Every structure is written in structure tokens, then in C-alpha cells.
Amino acid sequence: MERQPRDLTAIGGEILYETRNELYLHLPYLDVALCGLTPQPGSGKTLSVATDGTMLYYDGAYLAERYLRSRTFINRIYLHIVLHCMLRHLGKKRGKVSELWDLACDVAVESILDELDEPCLEGGSSPVRQKFYGECRADMPVLTAEGIYRHLLRANLPEYQRAQLQRAFLADDHGLWDMEQQDDESRQQQDQRWKDIADRSRTRLETHSDGRGSGGEAVLEQIRVAVRDDVDYRAFLRRFAVPREVLEVDGDAFDPIFYTYGLQVYGNMPLIEPTETKEEKRIEDFVIAVDTSMSTSGELVRQFLACTYAILRSTETFTRKVNIRILQCDDQVRSDTVIRDLEELRGYMEEFQLIGGSATDFRPVFAHVAELQSQGAFTRLRGLIYFTDGMGRYPMKRPPYETAFVMLRQPPASVQVPPWAIRLVLELPDLEKAIRETPELDDEIDWDELPQL
């Protein structure tokens, strides 16, 4: 009796179901994420596998053929697509060069898969991949899609090299990533759903010791970036302001109706005069400490100061005359520069030179500031910002002012900032966004020269 061929579409669905179960057994901390997509026959949407963030579309014949050749390939491609969604690669594609963004996302995801020490995910690494990983890691500690995309833009590779990389990292079809057909509300809901899933997976992974032992740290590092909210650096700086009176008309302190009514009735005699001063939050006393250890780049510090200068100048939070102390310190305070106005800060930033290069110890800065306070160097010191990579010896005692440790990259999980301090992780795009919200200052900084993280 002749055996009837089975429906390849049904076979494809069974393959994905078994794949999900196998991945769940090896990666239990990704249980919610692995169930985040609903398998659906491609029906002309794809000839391989693709997702729109909600459905996992597949071609049954493609899956069956690839499954016979390599079961681990199916495991990798399933997790590859899930990681795209968890890291919110779909929604971030808007406004980017499509070809480069697709490649950057594939590289970021495959770098995670290549670091996961699981037998069910073997078989992805190659010399081409390892060479490109090395080139990217020279620019960034964590291989995120955003960082790899900037690396590709800057490298401007010839077409044949881009094609070689695409062949080395290609796994799924990105044709359904175009979210222009969705309304803004639907896009936001989908993005928020995957952000919540990633956040839950991060919590599970941080408490799952086996996940770290088998390479799960690669997943954790990228998830931390994916769930991180955009940082408003301008608003962050304003928190160090204190109330003070300034000579300026306070339009909110009087009723303009009585003012204009008096002018109408009596000619030039308003019934109520506006106040000549008003209370605003301004910053005059401020400390910027710079970590000058061997792990800190002088050019990166200079650009951080440039961004900070532009933001300070673009807001009314900061007075024309200031009392800013810029300290450079590795294991001891190497320099103490007094800045009296923002133009001095600009000059310091442009001529900045890193002094130091030893190990990192944050305590000398706080001891030095305490001594300055005892000498009356500050009228009302509200805060200190310490620019660092986060690795060093922290003081045990909380100082009598707010302290923020600002890092332009995610520090290792072993770094524990004291609970009394603010831990702020900025990415270079956060600083760029802050300055570009003030177009009149955009020309003051050459963004093409910014180091890419």
C-alpha cells in the first residue's frame, strides 16, 4: 500500500513545537520569551521563517529540509528570532539604513548564541564571525545592535565584504520588520510587551546561577541594554539645582487681568505691579570628578565634558557665573581646576588632557571635597558627578551632598555602586539626543568625531 505524504505545513508546526520545548529545558530563564510568538504558516509571507513581533511565520518545506540537515540549526534560528524580539530590534529599525541595521541585529544575536555553551545550540561559529566579533569588541565591550550598526556605518565596508558578513550571520527573514503599517499605539504596545518579557527574563537570569555558568551572561548584558529606559541627561543635571532668587519678572506671581485693566482705565497706572524677582532652581556650586585610571579614555572624557558643557549652557538651570570644580583622580587627586563661568568650562574641555593612569580609588575625591568644604570653597554644594567605568574602591560613608557615578557603558555585574549613590548608565546616543534637542547648540560639537561605544 502506497504511503501518503504528510502535510509539510503540519510538520513545520510540530518541529517548532518540539524546538521550543527543547530550548525551554536548556534555557528555563527564557520560558516566557520562548512562548512570546505564535507559530503561523507563512502563506506567502516568507519562504523561510520570519516574525512581525507577534507571529512566527514559517514555511513547512523549509523547516523540514533544514531539520533533516541539522536539528541544532532549527534551535538556533528559533532562539535567534526570539532574541530579536526581546532586544526590540524590530521597533528600532525606523530611520536606519535597512541593510546595515539588519546585519547589525543578526551579528548581535548570533554573538549571544555563539557564547551560550549549550549542546543544542552548537555549530554557528566560524573564522569570519570570530574576526568580525574581534573588530567590534575593539570599539565596544558589549556587542549590541546599536553599537555594531555605528561600527558598520563608520567602517563603510565594500559591497563584497558586506555580502560576506550577511552570508555568515544570516538566519531569518527580516521582511516583516517594516512596522510602518502599524499605528503608533500598536507599535508602542508591542514594544512594551517585549520590554516587559525581557525584564522578566533579566530577573530570572540574574537569579539563575546555571545561566551564567553556561554563557548566559551574554544574554544578560544585552537584555540590560534592551530594557533600559532612555536617559534624559538634561533632566538629570537639573536635580542638582537649588532654589535662589533671580532678577526677572515672575509672570506667574500676579494676575495680568488687573494689570491690563488698570492700564485701560487709568492710562499708565496698572492696579498691580509684577514682582521684580522670582525663585528658580539654579546651580552654582558643583563638582565634576573624572576617573583617570588606565581603563579610562582621555578622548571619551573630553567628549563627555563637551556634551555636559553644551547641556549646561542650553538651560536656564545654570547661572552665567558658576563655581564648578573639576577633579582628576586615579588613586589620588591629580588636578583640581576651578571653573568660574561656562566659557572657562568650554576652554577646559577643548584643551583637556588626562592626568594619571594608575588604579582607581574614589575615596580621595570625597576626602578632598570635604576639605574644600571646611575651607569655605563652596556656598551651597548640592552634588558631585563622578565620570568613571565604575570599577574601583568606593567610600563607605555617605557624603552630605548627592553623588552620581556616571558611566558611558554598562559595567560588569560584579560592580556594586554604594546604595546611597546614584548609578547612571548613559549611552552615547543619550548624550546626542540631549544636545540635539537644542538645535542652536548642535554646531558646537563635531558629532562625527565622537568615539563610538
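Let's start with Phe 405, which has 0% relative accessibility and so counts as buried (under 20% relative accessible area; exposed is over 50%, partly exposed in between, with a 1.4 Å probe and protein chains only). This is a predicted model, where local features need pLDDT of at least 70 and side-chain atom pairs count only at pLDDT 80 or more, while totals for chains, interfaces and linings use all residues. Residues are numbered from 1 along each chain as its sequence is written, and side-chain values use heavy atoms, leaving out hydrogens and water.

Tyr 386 sits in strand β8 (residues 383–387) and Phe 405 in strand β9 (residues 402–407), so their pair ties together parts 19 residues apart in sequence. Strands here are DSSP runs (E, at least two residues), numbered from the N terminus. Tyr 386, also at 0% relative accessibility, counts as buried too.

Rings meet charges elsewhere. The charged end of Lys 45 sits over the ring of Tyr 57, 5.3 Å from its centre, and Arg 66 lies over the face of Phe 73, 3.8 Å from the ring centre. For this, NZ of Lys or CZ of Arg must be within 6 Å of the ring centre and within 35 degrees of the ring normal.

Technical notes
Helices (H or I, at least four residues) and strands (E, at least two) are DSSP runs, numbered from the N terminus.
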